Amino acid sequence: RDEDNARISPAVSVNANLMRGNGDSWTVDTLATAFDRRHIHSESLMNETGISAKAGISSVLKNTDDYTLSISGNYVFAYNNRLSRQNTMDLWQVTTPVVDVANTYDYTWNYYDHNAGASLNFNTRNFELNASLGMRYRTQVDQERYPEALSDNYNFLSFTPSLRLSWKRNLQFTFNMSSQTPSLEQLRNRIDDKNPFALIGGNPDLKQTSTGTCSVMYILMKPSKWNLNTEIQASYSPSVIVRKQIYFKENTVLSDWNDYPALAGSMLNTFENASGAVTAGAKANFKCFIDRKSSISSDVGYSFGRSPQYLGEDKVMLNNHAPTLGLRYDYRHRKGSAKVAARTFYQHCSNSIGQVLNESLMQTLETSFHINFLKICYGGATYSMTLYKNFSGAGSDNLNHILNAEVGVRLLKKKMTVSISGHDLIADADTYSNVVYNNYVEQRWVPSYGRYFMLTLKYDFSKTSGKRFRGGLIR
């Protein structure tokens with residue numbers, strides 16, 4: 001109402017955190033870096049202190065039966081200090097240890113963040129608009145005391161506007177910008193040679209990245225009959241931070257990394273800015289209510305991703321196509337419930353020079369039921385199947401079955417539950433994962449422990465005399 005106009009609501013908050021830690025590690029290097037084994041001993045110290053303060057204010061400019069107009073603003077200051085020290089010794093001989101200079105350091109990282117934002121909200125019965133603009137100015141200070149006395153400052157300025165429009169709660173359009181600042185680990189031009197054949201070096205010339213994302217969502221429904229949800233989303237990043245790998249066929253002096261001598265056959269992992277990252281996708285879900293007890297739903301989706309990668313020192317584009325299709329049936333009743341769900345996922349990943357990194361099909365099936373009987377007893381079982389079919393030749397097929405079952409009884413007015421359950425009854429539940437990188441595919445199988453049984457006794461202390469504790473009071 002009009003009496004709410006020009007209402008001002010301030011808000012202030014302060015947060016702080018403190019972390020202290022140290023470590024001690026030993027490494028035995030069995031690579032061809034020395035005639036004898038190389039024993040490495042590291043002692044590390046890491047202290048971190050952070051503090052942030054936020055101040056905000058909001059005001060309702062107009063509040064009538066027809067519309068509401070309000071504005072708000074906030075400012076956040078954050079400071080973070082991290083002290084890192086590490087002393088690493090090569091124990092070639094116990095009596096004459098040698099300092100590993102590349103992995104011995106003493107430096108401090110400081111972050112200073114200034115975040116300011118303002119937003120405008122306009123609402124009517126059928127329409128909603130929310131527009132905001134954020135600004136962040138970050139200063140990263142890198143102070144090194146050993147092995148050199150250096151100090152570097154990195155400053156980043158970013159703007160993150162956003163817009164959301166809604167019409168009758170059925171149609172919604174959103175747009176927002178986000179930014180990513182390179183970490184100090186990525187910016188420091190020092191070499192990490194814990195593994196002398198897999199070096200890691202930062203790039204002080206890295207730039208921050210920005211990503212623009214927009215989406216359109218539409219909802220159509222007939223209450224108690226069916227509903228349809230659809231969404232289209234796309235994003236674009238003009239510059240992203242990617243990992244770059246450089247291989248050395250002969251001993252090479254790295255002038256950009258304090259003349260570090262890289263060994264023949266070694267590899268340097270560093271970071272570069274690259275352009276052209278695009279993602280897009282569309283999905284739809286349709287749900288139909290058969291009656292009050294059961295429903296059937298289906299969903300379909302497709303996603304596309306195009307991102308820059310480095311294959312050695314050459315830049316390539318990685319293309320990923322992934323359509324999905326799913327079906328589901330649900331039944332719910334006071335005496336029990338049941339579910340059947342199936343999903344098909346296809347992935348095709350290749351790069352711009354014609355290499356197929358991964359082409360695979362994954363099929364999942366899950367079914368379960370739960371019943372209540374004799375008033376105090378219950379039981380149920382769950383079965384799932386996962387089939388991974390590889391078409392690219394870089395890997396193997398995998399078929400996985402899991403069957404679990406449980407039966408139990410509720411006692412003492414449902415305060416206590418006693419149950420016995422069997423897990424992995426088919427004894428075929430190996431875990432499988434598939435990860436696609438720019439120049440190779442990583443596939444992992446983890447063997448299961450086989451079938452086992454568990455007896456469980458559970459007592460709910462939140463209940464007393466049929467009533468439940470809430471917020472420390474009995475209601």
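**Stop 1: salt bridges**

The structure holds 12 salt bridges. Each one is a side-chain nitrogen of Lys or Arg within 4 Å of a carboxyl oxygen of Asp or Glu. The model is predicted: local features need pLDDT of at least 70, side-chain atom pairs count only at pLDDT 80 or more, and totals for chains, interfaces and linings use all residues. Residues are numbered from 1 along each chain as its sequence is written, and side-chain values use heavy atoms, with hydrogens and water left out.

Select Arg 138 and Asp 113. They form a salt bridge, with the closest N and O atoms 2.8 Å apart. The pair links distant parts of the chain: Arg 138 is in strand 6, Asp 113 is in strand 5, and 25 residues separate them. Strands (E, at least two residues) and helices (H or I, at least four) are DSSP runs, numbered from the N terminus. Arg 138 is buried, at 16% relative accessible area. Asp 113 is buried too, at 9%. Here buried means under 20% relative accessible area, exposed over 50%, and partly exposed in between (1.4 Å probe, protein chains only).

Next, select Glu 128 and Arg 164. Their side chains meet in a salt bridge of 2.9 Å, N to O. Glu 128 belongs to strand 6 and Arg 164 to strand 7, 36 residues apart. Are these two buried or partly exposed? Glu 128 is partly exposed, with 28% relative accessibility. Arg 164 is also partly exposed, at 28%.

Now take Glu 144 and Arg 188. The closest N and O atoms of this salt bridge are 2.7 Å apart. Glu 144 lies in strand 6 and Arg 188 in the loop between helix 1 and strand 9, so the pair ties together parts 44 residues apart in sequence. Glu 144 is buried, at 12% relative accessible area. Arg 188 is buried as well, at 6%.

Glu 48, Arg 82 and Glu 185 are linked in a network of salt bridges.

**Stop 2**

Glu 185 is one of the residues nearest the centre of the second largest pocket, along with Tyr 107, Arg 190, Asp 192 and Ile 200. In all, 16 residues line this pocket. Its volume is about 270 Å³.

The pocket search ran on a 1 Å grid over the protein atoms alone: a pocket is an open set of points where a 1.4 Å probe fits, with protein on both sides within 12 Å along at least five of seven lines, and lining residues have an atom within 4 Å of a point. Grid points are joined across faces, edges and corners, and a volume is the space filled by probe spheres set on the points.

Color the lining by type. It divides into 7 nonpolar, 4 polar and 5 charged residues. Nonpolar covers Ala, Val, Leu, Ile, Met, Phe, Trp, Tyr, Cys and Pro; charged covers Asp, Glu, Lys and Arg; the others, Gly among them, are polar. Strand 5 gives the most to this lining, with 3 residues.

**Stop 3: the largest pocket**

Select Pro 147, Glu 148, Asn 189, Arg 190 and Asn 258. Of the 19 residues lining the largest pocket, these lie nearest its centre. Strand 6 (127-146), strand 7 (150-167) and strand 14 (260-262) each give two or more residues to the lining. Strand 7 gives the most, with 3. The volume is about 390 Å³. The lining holds 11 nonpolar, 2 polar and 6 charged residues.

**Stop 4: a nonpolar patch**

Select Trp 167, Leu 171, Phe 173, Phe 175, Val 216, Tyr 218, Leu 220 and Ile 232. They form a nonpolar patch on the surface, with about 690 Å² of accessible area together. Patch members have over 30% relative accessible area and no salt bridge; nonpolar side chains (Val, Leu, Ile, Met, Phe, Trp, Tyr) are joined within 5 Å, like charges within 9 Å. Areas come from the Shrake-Rupley method with a 1.4 Å probe, and for residues only the protein chains shown count as cover.

Strand 8 (171-180) and strand 11 (209-222) each supply at least two patch residues. Zoom in on Leu 171, in strand 8. Leu 171 is partly exposed, at 38%.

**Stop 5: two positive phi values**

Most residues other than glycine have a negative phi. Select Ser 224, in the loop between strand 11 and strand 12 (226-247). Its phi is near 65°, a positive value. Ser 224 is exposed, at 64% relative accessibility.

End at Lys 414, in the loop between strand 22 (398-411) and strand 23 (416-423). Phi of Lys 414 is positive, near 70°. Lys 414 is exposed, with a relative accessible area of 51%.
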